[in-house]
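My notes are below, in the order I looked.

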Amino acid sequence: MGIERMKRLEEQIRRCGEVRDGQVLKVDCFLNHQIDVLFMEEMAKEFHRLFEETHPTKVLTIEASGIPIAVLTAQTFGIPLVFAKKTESLNLDQETYVAEVYSYTRQKPYHIKVSKKYLNPQDRVLIIDDFLARGSASSGLMNLVSQSGATLSGVGVVIEKSFQSGGAELRQAGVNLHSLAMVASMSPETGVVFAPNPDDESKN
Ligand code: 5GP
């Protein structure tokens with residue numbers, strides 16, 4: 001079942017993904033602008049299958065493009081979603097956890113914050129995002145989890161660009177990372193080339 005879902009995701013990316021300058025993949029047709037809710041629900045079920053053994057108590061993402069898949073994933077577990085807010089302000093609010101993230105698509109740093117009310121040491125937190133590139137967004141979210149004293153249950157991303165460093169670094173650090181599609185390379189000429197997904201062999 002897992003392999004079948006992942007193959008359908010690869011087909012969707014091939015069918016309507018657009019490769020942009022700066023190694024950005026646009027998948028506005030189902031993930032980043034128009035949301036194919038039924039298809040995303042299937043992807044959320046896949047995250048449920050991959051992370052159910054970690055018994056998460058909360059899903060965590062960053063606004064805005066992580067929210068739809070994170071909502072659907074939280075729904076499969078019947079747990080709340082917390083989304084980190086982006087802020088331009090450098091003032092640290094006493095009541096929030098704050099971390100810095102370097103935006104891959106905007107090429108500038110920004111701060112993310114989560115109220116201390118919504119992450120606590122009893123939580124097991126599943127981080128969900130749409131893309132993994134150099135890993136700054138995931139690392140920023142992991143930083144918030146660690147500040148709160150909660151346990152990281154894992155990181156799930158819909159599309160990992162495995163030619164960039166983030167995924168290898170997280171795995172090296174022992175993070176329980178699962179990506180539903182792994183892009184090995186891409187260019188406007190060749191389109192998107194996928195890497196074999198380690199989850200295909202390990203759990204299906
Ligand atoms: P990272 O922090 O891992 O370098 O980049 C991940 C974040 O940047 C994601 O939250 C995603 O919003 C954005 N991002 C990175 N690469 C891409 C891409 O190729 N396409 C899109 N649409 N977003 C990307």
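**Ligand shell**

Helices here are DSSP runs of H or I with at least four residues, strands are runs of E with at least two, and both are numbered from the N terminus. I note that this is a predicted model, where local features need pLDDT of at least 70 and side-chain atom pairs count only at pLDDT 80 or more, while totals for chains, interfaces and linings use all residues. Residues are numbered from 1 along each chain as its sequence is written, and side-chain values use heavy atoms, with hydrogens and water left out.

I counted 17 residues around the ligand, and the closest are Leu-25, Asp-129, Arg-134, Gly-135 and Ala-137. To be near, a residue needs a heavy atom within 4 Å of the molecule. Strand 7 gives the most to this shell, with four residues. By type I get seven nonpolar, six polar and four charged residues.

**Polar contacts**

I then looked up N or O atom pairs within 3.5 Å, the cut-off for a polar contact. A backbone N or O atom of Leu-25 sits 2.7 Å from a ligand nitrogen. Ala-137 also uses a backbone N or O atom, 2.8 Å from an oxygen of the ligand. With Lys-161 it is a polar side-chain atom that lies 2.8 Å from a ligand oxygen. The protein covers 89% of the 500 Å² of accessible area that the ligand has on its own (Shrake-Rupley method, 1.4 Å probe).

**Disulfide**

How many disulfides does the count come to? I get one, taking a disulfide as two cysteine sulfur atoms within 2.5 Å. Cys-16 and Cys-29 form it, with their sulfur atoms 1.8 Å apart. The pair links distant parts of the chain, Cys-16 in helix 1 (residues 2–16) and Cys-29 in helix 2 (residues 28–32), 13 residues apart. The torsion about the S-S bond of Cys-16 and Cys-29 is about 45°, so I logged the disulfide as right-handed.

I found a cis peptide bond from Glu-63 to Ala-64, with omega near 0°. Ala-64 is in the loop between strand 3 (58–62) and helix 4 (67–77). His-55 is not a glycine, yet has a positive phi of about 45°; I place His-55 in the loop between helix 3 (37–51) and strand 3. Gln-107, not a glycine either, has a positive phi of about 55°, and lies in the loop between strand 5 (96–103) and strand 6 (108–115).

Notes: A polar contact is a pair of N or O atoms within 3.5 Å; within protein, one must be able to donate a hydrogen and the other to accept it, and residues adjacent in sequence count only if both atoms are side-chain atoms. Ala, Val, Leu, Ile, Met, Phe, Trp, Tyr, Cys and Pro count as nonpolar, Asp, Glu, Lys and Arg as charged, and the others, Gly among them, as polar.
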